[in-house]
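Please look at the notes below alongside the sequence and the coordinates. They are set out as numbered points.

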Amino acid sequence: MFDIFFKILKTPKNTIPILGNDPDQADIVAVGEKIEAKVKRLFRGSLAVRQIDAGSDNACEQELVALSNSFYDIERFGIHFVASPRHADMLLVTGPVARNMGEALRRAYEATPEPKIVVAVGDDAIDGGIFKDSYAVLGGVNSVIPVHYQIPGDPPTPKTILVSLLKILEAVDTAPVTSY
Amino acid sequence: MIILIWTIQLILTPVVSPLCIGIIKKVKARLQNRRGASIFQPYKDLWKLLHKDEVISSNASWIFYYAPFIIFAVTIVVGASIPLFAAFLNNTLTGDMLVIVYALAIGAFFLALAGMDTGGAFGGFGSSREMTLSALAEGGLIFSLLTVALISGSTNLFAISSSGVFAQDQHFLSALLALCGFFIVLLAETGRFPYDNPDTHLELTMIHEAIILEYSGKRLALMEWASANKLLIFIALGVNLFFPLGLADNGGVDAILIGMAAFMVKIFICCLIIALIESSMAKFRFFRLPDLLLVSFILNVVALSLIQ
Amino acid sequence: MLEIIASPISFFILLELFLIGAAGSLVLRKNDASANVWSSFFAIAGSLWGLLFASAILISGQALSFVAGTSPFPLLSLAMHIDMLSALFIFIISLIALFCSIYGIGYVKHFYKKYNIGTLGFFYHLFIAGMVLVVTASNGIFFLIAWEIMSVASYFLVVYDRNDENNVKAGFLYLVMTHVGTAFIIAAFLLLYKYTGSFDFEVIKSAVTFIPSSIKNTIFVLSMVGFGVKAGIIPFHIWLPAAHPAAPSHISALMSGVMIKTGVFMMMRLFLDILQPAPVWWGLVVLFVGATSSLLGVLYALTEHDIKRLLAYHSIENIGIILLGLGSALTFSSLGMLPLALLSLVAALFHTVNHAIFKSLLFLSAGSVINQMHTRNMEEYGGLIKYMPHTAFFFLIGSMAISALPPFNGFFSEWLTFQSLFQGIIALDSSARWVFILAAGALAFTGGLALTCFVKAFGATFLARPRSAEVSHAKESSFPLLAAMGALAALSLLFGLFSGPVTLFLETIGKSFSIFQSAPSLLSLPRGHVLTVGSGFASVSGLAFLVLFTVAIFIVVWIIRSAINKKQKIKIGATWDCGTDLTSRMEITATGFARSIVLIFKGVLKPSIQHEIEYHDAETRYMPKSRTVILGVRDVHQAYFYRPLHKVVATLAEQTKNIQSGNINTYISYIFIALLIVLFATL
């Protein structure tokens with residue numbers, strides 16, 4: 001057991017800082033209903049994210065999983081992933097919504113309490129991406145549930161997703177989110 | 001002055017408990033080479049949850065609606081009845097060790113019923129596992145408290161913390177074994193490793209989380225806060241019954257301040273130990289847990305038999 | 001006024017009320033409704049009079065001793081002795097009979113046109129009268145007559161619902177077991193008669209010094225077995241889970257709440273009163289029996305999914321807890337530690353009273369549910385809280401009381417039992433100490449497991465979604481049923497809140513025993529509601545807990561309402577189902593809930609699992625059509641205790657049959673050998 005602790009102490013810190021004027025910033029695309037400012041203020045300190053895989057090819061899931069590692073460390077911004085849609089504030093939906101997942105996605109949306117934000121992550125979720133117009137997909141998340149933001153990319157990098165989330169919450173400029 | 005001390009005693013548990021959760025999460029994050037959320041993050045989480053709407057299942061009955069309030073009120077009452085920073089407070093009304101154990105059992109009762117109430121697939125077996133572990137942990141808990149009660153000559157928790165159990169040399173081994181037994185039960189009752197992973201997302205591995213899966217909004221805030229309160233209650237029992245250094249003997253301002261400072265230091269150390277344990281071991285398979293609880297019971301029985 | 005009520009005349013009025021009720025029910029048996037009215041009226045009147053009479057005796061503190069009349073037989077004298085303990089038991093009998101009778105007004109209606117209500121009333125009154133006689137009879141033979149009346153009347157009540165064959169079988173098992181117990185009691189009384197020359201309990205008590213200690217030990221074992229069969233201790237309990245569910249629910253409540261306590265009553269009377277001074281090992285044996293009964297009772301209850309069998313096993317568990325108190329009282333009194341013995345006796349008496357109240361409440365609520373659902377199988381219940389909210393609430397209160405949750409009454413009697421065991425651990429030396437430590441461990445685990453079992457019972461019955469279509473036809477219970485259950489629930493809370501005064505009152509009853517006359521008391525009640533043991537070793541206050549808890553809830557609700565978003569809405573949605581449809585088969589079942597514990601304790605419970613698969617094509621056995629899984633728990637007592645015993649007895653009987661060879665020459669040789677033996681014996 002003590003070997004693990006010595007190894008931990010010797011490993012260098014490798015968390016990537018997110019700065020206010022990051023040259024790598026991605027543009028978020030706001031669609032649908034606009035989220036009110038007081039909702040963003042409510043979620044700025046603490047955001048619970050439920051990730052829904054609506055028939056995705058798992059590329060976006062890999063990037064979302066990477067958000068919890070020590071490089072990106074999404075938890076330091078107060079954002080954490082939850083298991084139940086009832087606990088969630090934000091639904092991160094990936095995948096082009098396969099036909100069998102349409103009803104499940106709708107039920108997950110209904111199970112999430114207000115106020116909530118729906119973000120479609122990845123080109124597949126936005127309009128079907130490489131599966132566009134296929135018979136097996138319903139064609140993008142906004143054909144099933146109302147989407148508020150879209151993060152384009154196939155898949156978007158973890159840093160893109162992270163910065164986009166912070167921009168959605170308008171937390172990049174107002175709160176100091178440099179590494180600490 | 002005494003009114004002020006009792007007010008602090010009443011509100012200290014719910015005020016400090018999210019901090020314990022925050023410290024454990026921060027230490028675990030640091031051990032994972034991450035930055036982690038700030039130690040005040042649970043307060044922000046609770047604040048946000050209190051401002052959200054709720055979605056409640058149509059199958060739920062009044063038990064689902066009222067259980068969070070009942071469970072939270074029970075933790076408040078128990079938190080006010082145990083020695084936190086002052087040992088001189090005389091609580092003969094609810095300060096008995098059996099009252100504390102069975103009052104916490106009220107919380108477990110309603111928690112399990114709330115899990116079964118919505119008829120979901122996960123809440124039922126979460127309740128089943130929670131009650132199984134709670135039933136088996138009760139033996140160890142009562143016996144470890146009994147050991148320290150017999151060493152001190154009273155079952156009143158304030159009286160136990162006034163007389164130090166490690167101070168008497170002939171009972172040193174008994175107190176040590178009782179401490180080990182109590183710590184095993186602490187991990188069981190508060191749902192930490194190796195019994196339950198509080199951060200898991202896999203429903204088949206959940207015990208406490210499965211029950212609160214259906215809750216949202218303010219009721220979820222109360223359930224999570226009650227769980228944090230229970231953690232603080234057990235940590236406070238462990239540190240104050242076994243290591244009552246710094247507990248206030250009188251109502252003077254300096255004694256109170258030293259008492260509170262000692263309390264914060266002690267819970268910090270305990271949270272550190274829990275976080276270190278969580279970072280260095282995996283969760284046990286469910287059917288190995290009764291063996292662990294029986295080990296706790298046996299340690300306590302041996303401790304009891306060593307007292308002459 | 002008090003003297004008139006606490007007099008023999010009053011006692012005869014009590015018995016007369018029940019006898020008139022019995023006779024009148026039989027006369028009115030042609031008309032169901034009038035038989036029900038007559039029987040209920042006299043049962044309620046008799047119970048109220050019994051409460052009045054018992055309270056008068058308890059308040060006046062004077063024991064009554066009288067002879068009811070002359071009997072034609074020399075050994076039988078109709079002597080009655082009503083002291084404080086008897087008066088307490090008459091109080092318990094009357095209290096529970098009162099509420100069961102009120103319940104019966106509405107409950108018996110569903111037997112109209114099916115069975116004869118007149119005979120139900122007849123046996124019901126006979127049963128209660130028999131129980132009253134059992135606790136007041138002061139002559140051994142009179143006691144046995146009353147015991148038989150009680151047992152036979154309850155047998156007819158158990159087989160009342162005779163269309164179901166299982167009930168008839170259960171009644172038969174009950175009849176056999178109770179007579180086996182009675183045989184042991186008769187043997188014990190005969191031994192007492194042999195050495196003291198009388199069947200009168202008073203005479204026996206004064207002549208107890210003439211009994212040699214080996215005979216005393218034999219009497220102890222015989223009466224332990226005999227009264228243990230009635231009380232339902234393990235391993236003589238096999239009739240309890242069969243007979244209590246078979247009877248109508250208000251009878252089950254009476255049987256479980258009161259009748260099995262008569263066994264405990266006689267144990268208290270014999271061991272603590274008549275046969276004193278007793279050796280230490282008696283108390284340790286009773287403690288051991290109590291510990292095993294409580295632990296095994298609750299484990300078997302966890303395996304059950306028939307709601308009344310579950311409650312019957314919990315009766316076994318609670319009798320175990322009462323015996324823990326009685327055993328420590330015996331041990332302490334043998335070692336001369338009289339204050340501790342008094343404390344333990346008070347714990348046992350308090351738990352007797354409390355168990356009568358909350359067990360009756362649970363049986364009455366279960367009866368209401370079974371009335372609506374027409375099945376005892378918990379796996380077909382579910383969601384009943386929406387259809388029967390009041391019944392559910394009363395069952396919840398009963399569950400909280402039996403699981404020893406403060407501020408209900410069960411907590412305080414278990415607290416007192418714990419205190420007596422703790423005092424034993426402090427005060428005793430090594431060998432007895434270990435029994436106390438293990439008994440305290442058994443009690444600690446029993447409390448937790450009982451809580452688990454009642455979460456299962458309440459959750460599977462009332463919560464979640466209905467598991468069968470019958471649930472939607474369930475209606476709330478009628479007013480008499482709700483009144484009886486509500487009154488018992490209120491009593492449960494009141495006995496918890498006023499546990500201090502009740503405990504001190506029970507202590508005065510305990511002091512009426514001749515060995516405790518001058519024992520100093522360890523219990524005190526400073527500030528009127530803080531029950532204290534020793535001089536501050538332990539203290540508890542039910543009232544304070546309830547007040548603190550209520551204040552805490554109000555503060556929490558007020559703060560939450562003021563802290564949260566004022567425009568918060570609650571939306572009603574579907575249970576989170578991960579996107580699939582939830583059927584009632586996806587809920588946890590009662591069996592599934594307890595399966596973890598059953599598997600943990602599989603050394604004791606010996607669970608079994610059987611798979612059956614039916615295939616579409618029996619030859620290739622490739623695609624299954626249906627799978628059946630049968631989960632069971634092996635009946636250990638039948639397999640290891642009763643069946644071998646039966647085999648031995650049957651073998652012996654077979655061997656003895658050889659004496660009757662049919663050959664007349666053999667018979668004449670028997671006579672010749674017998675003559676020779678008698679001649680040699682007299683010479």
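How many salt bridges are there between chain C and chain B?

1. The count of salt bridges between chain C and chain B is zero, a salt bridge being a side-chain nitrogen of Lys or Arg within 4 Å of a carboxyl oxygen of Asp or Glu.

2. This is a predicted model, in which local features need pLDDT of at least 70 and side-chain atom pairs count only at pLDDT 80 or more, while totals for chains, interfaces and linings use all residues. Residues are numbered from 1 along each chain as its sequence is written, chains are lettered from A in the order in which they are written, and side-chain values use heavy atoms, without hydrogens and water.

3. About 6800 Å² is buried between chain C and chain B, with 74% of that area from carbon and sulfur atoms; buried area is the accessible area (1.4 Å probe) that two parts lose on being put together, summed over both. Chain C brings 81 residues to the contact and chain B brings 75 residues, where contact means heavy atoms within 4.5 Å.

4. Strand 1 (residues 54–57) of chain B pairs with strand 6 of chain C in the parallel sense, over four bridges. Pairing requires at least two DSSP bridges between two strands, and strands (E, at least two residues) and helices (H or I, at least four) are DSSP runs, numbered from the N terminus. Glu54(B) has Ile570(C) as its bridge partner in strand 6 of chain C.

5. Strand 1 of chain B also meets chain A: the buried residues of helix 4 of chain A pack against this strand, together with strand 2 (47–53), strand 4 (90–94) and strand 5 (117–121) of chain A.
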